[in-house]
Amino acid sequence: MLCERCGKNEAITRVQHLHSDGTLEEVYLCESCANQEEENKIQAFNELALSFLSMLDGNKVAKNSTSEKKQLVCDNCGLDFDTFRKTNRAGCPHCYDAFYEQILQAAKQVQGGNTKHVGKVPDAFVVESEREEHIWHSENKSKKWLKWRTLRKRLVCAMKFVHWKGKQVKRNDGTNRVLAPVLSSWLSKDGDDADVVLSSRVRIARNFEDELFPFYEQRDAVVERVRRVVDNSFLLFKMEELGILDRALLVEKHLISPYLMNESEHGAVFISPTENLSIMTNEEDHLRVQCLEPGLGLFVALENALRMTEQIEQAHPFAFHKEFGYLTSCITNLGTGLRASVMVHLPGLVATKRLKKVVDALRSIGFVIRGIYGEGSRSESNIFQISNQITLGKTEEEIVSDLTQIMEQVIMQERVSRTNLKQKFHISLEDRVYRAYGVLKNSRVISMRESGEAISDLRLGIELGYFEHISRQKINELLIFSQPAFLRKARGKI
């Protein structure tokens, strides 16, 4: 049989040939034609493989292109979502629209399931009808609002507002009271429940609507804006102009945060003459307005902090979102931007080992207990800060009211613990507080830890009636004066 291809040579093999129309044919070929057929098959396979690979590469490019299009980036500040996720800090107000879905899910987790702001809104943001709908957003809201309005009128009548007007105080003249080792006036006075509560603080975070958030970019223009609004009796301190000791002193006086002291490149603080009101600028947010009051005085602190915040807002509008409320660098402060905290002395709960139960109970209802200087700090002298965690989904008044009610329970638990200690362990407790008195009175060298424990025991002894010749104010002074920066300033050391 001759080869069916060339017709010349003898056919020696049978080969299956696939036609372009899909039909399969069996042909008998000679050795030379059979080899050529095999080469044709290999070439066709390679061409098909190359074509397939090219198609895959094209799809990969298309997928990459689609991925790039889907990469979330804020059009205003250029912050990408990966950076936002890693730092947990937004770059500007527009980030909340660029990353809306992601922020919405995160807010549910950190804000106790709340995603809607129900607190104060800027006057210029909505018309009157929309504002009414926002305030009266639920069936029970009208009753709550009427109750708060009545309470607020009573508070305004009873309150003694802080007068900020006064004589201009010169800066950097060596006689500045704020940077001297003296006790702030708000801590030298007794407030409500002063046997347990040293002080109350309300801090409000705000950002200007036309500026990038200071976590990524800090500008002196922010400081200048505030300077033009506040009363000229406020003292301005820029962190870059202060030494480390003066900055530490401001932290120990609770007038600035450790973050402003250590991390803020162009941070500054405005401080009222009575040192009960301070305005931190270029911290994590453009503004952190805080008011301090002696004892359990959260409503007074709230009123004064809101009044100062509104005064600045009238001149320079703040960043606000119709759903998330006032926009902050970190979503943990969204909504009201309000952190209310109370500094408490809890030696009874610590000694009876009941503090852990109190801490667990507080966390379960959206409150947290921290060290003496807030987040990231440790407890000293059995002094703690109790504050709210949730800032979204509650009004400013509800946050303060809830914390006040919680504190009434904590105060009661602490007093019960102290009474139990005195009744069950009278001799050992008396020995303990008198030993503390002897250590503080007669020691020549003492560590910070030992002095803190002794001061706490002595304060407990005073509240239980063991010492009548020592006032509570003296112990409050000792609590602050025993801090490192105070000691170094008092000794004239840098």
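## Strand pairing around strand 3

Valine 202 has alanine 340 of strand 10 as its bridge partner. This comes from a predicted model. Strand 10 covers residues 338-345, and seven bridges pair it with strand 3 in the antiparallel sense.

Strand 3 also pairs with strand 7 (residues 287-294). That pairing is antiparallel too, with eight bridges. Within strand 7, arginine 288 stands opposite alanine 205. Strand 3 spans residues 197-206, and nine of its 10 residues are buried, so the rest of the structure largely encloses it.

## Aromatic pairs

The whole structure contains 11 aromatic pairs. One of them joins tyrosine 100 and phenylalanine 324: the ring centres lie 5.6 Å apart and the planes meet at 40 degrees, so this pair is tilted. The two residues are 224 apart in the chain. Tyrosine 100 belongs to helix 4 (residues 100-110), while phenylalanine 324 sits in the loop between strand 8 (320-321) and strand 9 (325-326).

Their accessibilities are as follows. Tyrosine 100 is partly exposed, at 23% relative accessibility. Phenylalanine 324 is buried, at 0%. Elsewhere, ring pairs link Phe81, Phe84 and Phe99 into a cluster.

## Charges over rings

Arginine 206 places its charged end over the ring of tyrosine 326, 3.6 Å from the centre. Arginine 89 lies over the face of phenylalanine 215, at 5.4 Å from the ring centre.

## Cysteines

The model has zero disulfides. Cysteine 291 is buried, with 1% relative accessibility. Cysteine 330 is buried as well, with 5%.

How values were computed
Residues numbered from 1 in each chain as written. Predicted model: local features only at pLDDT ≥ 70, side-chain atom pairs only at ≥ 80, totals over all residues. Heavy atoms only, no water. Disulfide = S-S within 2.5 Å. Buried < 20%, exposed > 50% of the residue type's maximum accessible area, 1.4 Å probe, protein only. Helix = DSSP H or I, 4+ residues; strand = E, 2+ residues; numbered from the N terminus. Pairing = 2+ DSSP bridges. Phe/Tyr/Trp six-rings, centres within 6.5 Å; stacked < 30°, edge-to-face > 60°. Lys NZ or Arg CZ within 6 Å of the ring centre and 35° of its normal.
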